[in-house]
Amino acid sequence: MGGLVIKLKSWWDTADRNQKLISIGGIALLTLLLAGIFVFATKPKMVIAFAGLSPADTGMVVAEIQGMGIPVDYDAAGNISAPADKLPQIRATLAMNGKLPRPSNHMTKKDLGNMPVMSPPRVEEERLLAITEGELAESIEMFTGVDSAQVHVTKGNDSPLLDQRHESTANVTIAEKVGMGVTPDQGRAMAMLVASSVSGLDPSKVTIFSRDGRAIWDGEEVSGSNGRAVTKLEMENQTGRDIRDDLQEQLNRIVGAGNALATVDVTLDLDKISKTENITTPTEDPITKESVKETMEGGGASTPGGVSGLNGQTAPSTPSSADSSAYKVQQERIERGVSNMVKTTEQAPGEIKSMGITILVNSEKVTEQADIDKIQELANGKLGPRVADTANFTAKVIAYKFDNTAQVESAKADAAAKSSARMQQILSMLPIAALVIVAFLVMRSLGKMGKTATTQQLVLAGAGGPSLPMSMSATELAAQSLSIPHEAVQKALESGVVDDNLAAALAEAQKHVGADDVDIPSIGNKINVPLEQIKKMSQDRPDVVAMLLKSWLLEEGIRR
């Protein structure tokens with residue numbers, strides 16, 4: 001680590017101004033990019049935690065969330081946003097502290113214990129009605145897409161006086177969640193919920209509106225003739241869509257998606273039909289049974305005829321087998337009971353009165369008449385046994401050339417979208433690529449400068465003096481000043497002598513051999529030849545002398 005710091009310091013000292021500016025700019029850009037990526041990657045996803053709060057509740061909740069050290073956003077509409085992964089913690093902490101807000105202050109069954117004992121009956125009735133409204137509001141808030149709800153119920157008066165009699169009514173106002181809406185089917189379910197919870201309340205007397213004034217359910221309109229007509233149209237459209245979707249799916253598998261289009265028109269019979277049939281059936285066992293026998297002998301007379309039977313009929317007399325002067329008559333009368341049964345049959349509404357199926361096929365894709373005939377058979381199969389009723393049930397297949405302009409434009413749009421998505425991916429990778437490039441350039445520059453500093457041969461030369469290569473180590477410089485061969489130094493190092501120890505030994509020997517001051521008789525003062533050579537060199541090539549001194553200082557610092 002220390003060697004790297006020294007190399008960096010040496011490179012910084014020897015670098016010129018442009019290199020320093022480029023390095024500082026690259027490092028600053030690298031730092032900014034890393035900081036931007038870190039901020040973008042660690043930014044939490046904010047979602048709405050509470051909506052439609054009052055200013056007091058908004059301030060209370062925001063203060064509590066900030067006290068938890070969690071980022072929070074809020075607006076003037078009372079919507080509070082927090083990180084999605086922190087919502088359970090926020091709700092649990094607020095509930096534990098008793099500060100979890102409710103969308104509205106509904107009275108519930110818990111408030112029954114807070115009713116004063118000596119309250120007048122009128123006040124108790126109003127409080128019970130408010131509790132009912134609160135319970136209904138909380139039930140409505142459980143529907144998908146409902147953020148908050150407010151219910152108002154007006155109790156009816158079943159007075160014997162006509163001018164004082166009025167029916168119960170209810171009004172519901174809901175606030176929808178952001179990006180979601182309440183459907184008419186949900187409105188119908190809410191109306192049934194309210195009507196079944198209030199005694200004597202008819203669903204036709206319930207109205208439901210959104211906060212922006214949109215009518216979700218109007219009982220009076222739905223129960224009237226207009227409402228029945230709308231209901232009939234909705235049922236016919238839904239039935240037609242169901243048959244069309246099933247037929248279209250089969251066509252897509254046969255001729256391919258987009259090569260055939262099916263439309264279905266349906267008319268339903270929503271009239272209720274009741275049939276009453278009175279069936280009379282006699283009982284098997286008789287109620288009464290009478291038998292009369294008459295016998296006459298001799299020439300006596302007898303009145304012909306018999307006893308009147310069932311339904312006024314007379315049973316035939318049985319003639320005697322004796323002579324005409326004597327006969328026997330036996331008659332029998334049977335009376336049976338009658339079983340009456342009244343059979344009432346009510347036909348459920350919704351029978352299909354008429355249906356028309358039209359299939360349009362692409363003549364460029366479906367060219368064979370046999371294929372068109374098969375599609376015709378498929379359409380007839382949807383009609384079933386009613387295909388014989390050609391006046392009310394029809395199926396038709398039409399071949400026509402389709403306009404594929406929309407498909408071509410859609411394909412171009414898809415290609416453009418894919419290209420845009422690919423470009424976005426490339427752009428998102430640019431910061432990383434820039435980081436890699438900047439790091440590569442910085443490391444390359446550092447390596448190049450370090451290599452230059454260690455391999456460049458800088459020679460210090462003077463008049464008649466020795467040459468000192470600056471790239472040599474301290475050991476080599478000392479060995480050369482003592483005229484020791486390079487091979488001897490290498491053998492000493494290979495034998496196990498440490499470089500630092502060898503350099504120290506050579507430096508000590510240099511003090512006693514060739515490194516002493518030179519005494520020149522003709523000159524009164526002693527002259528240090530290497531020092532004078534360095535001084536002379538500093539005038540001609542000061543940069544080389546500075547590099548020489550710097551390398552000596554660095555080696556001295558490493559040795560210490």
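# Exercises on contacts and salt bridges

In the protein chain, 66% of the contacts between residues at least 6 apart in sequence join residues at least 24 apart. The model is predicted.

**Exercise 1.** Find what share of the residues in the protein chain is buried, and how many helices and strands there are.

Solution. Step one: the protein chain has 560 residues, and 24% of them are buried. Step two: the chain contains 15 helices and 14 strands.

**Exercise 2.** Determine where Glu126 and Arg122 lie, and whether each is exposed or partly exposed.

Solution. Step one: both residues belong to helix 5 (residues 121-140), four residues apart, which is about one turn of the helix. Step three: exposed means a relative accessible area over 50%. Arg122, at 57%, is therefore exposed, whereas Glu126, at 38%, is partly exposed. Step four: Arg122 and Glu126 also belong to a network of salt bridges with Glu125.

**Exercise 3.** Work out which parts of the chain the salt bridge between Lys382 and Asp246 ties together.

Solution. Step one: the closest N and O atoms of Lys382 and Asp246 are 2.4 Å apart. Step two: Lys382 is in helix 9 (residues 369-383) and Asp246 in helix 8 (residues 225-255), so the pair ties together parts 136 residues apart in sequence. Step three: Lys382 is partly exposed, with 23% relative accessibility, and Asp246 is partly exposed, with 33%.

Methods: Residues numbered from 1 in each chain as written. Predicted model: local features only at pLDDT ≥ 70, side-chain atom pairs only at ≥ 80, totals over all residues. Heavy atoms only, no water. Helix = DSSP H or I, 4+ residues; strand = E, 2+ residues; numbered from the N terminus. Buried < 20%, exposed > 50% of the residue type's maximum accessible area, 1.4 Å probe, protein only. Contact = heavy atoms within 4.5 Å. Salt bridge = Lys/Arg side-chain N within 4 Å of Asp/Glu carboxyl O.
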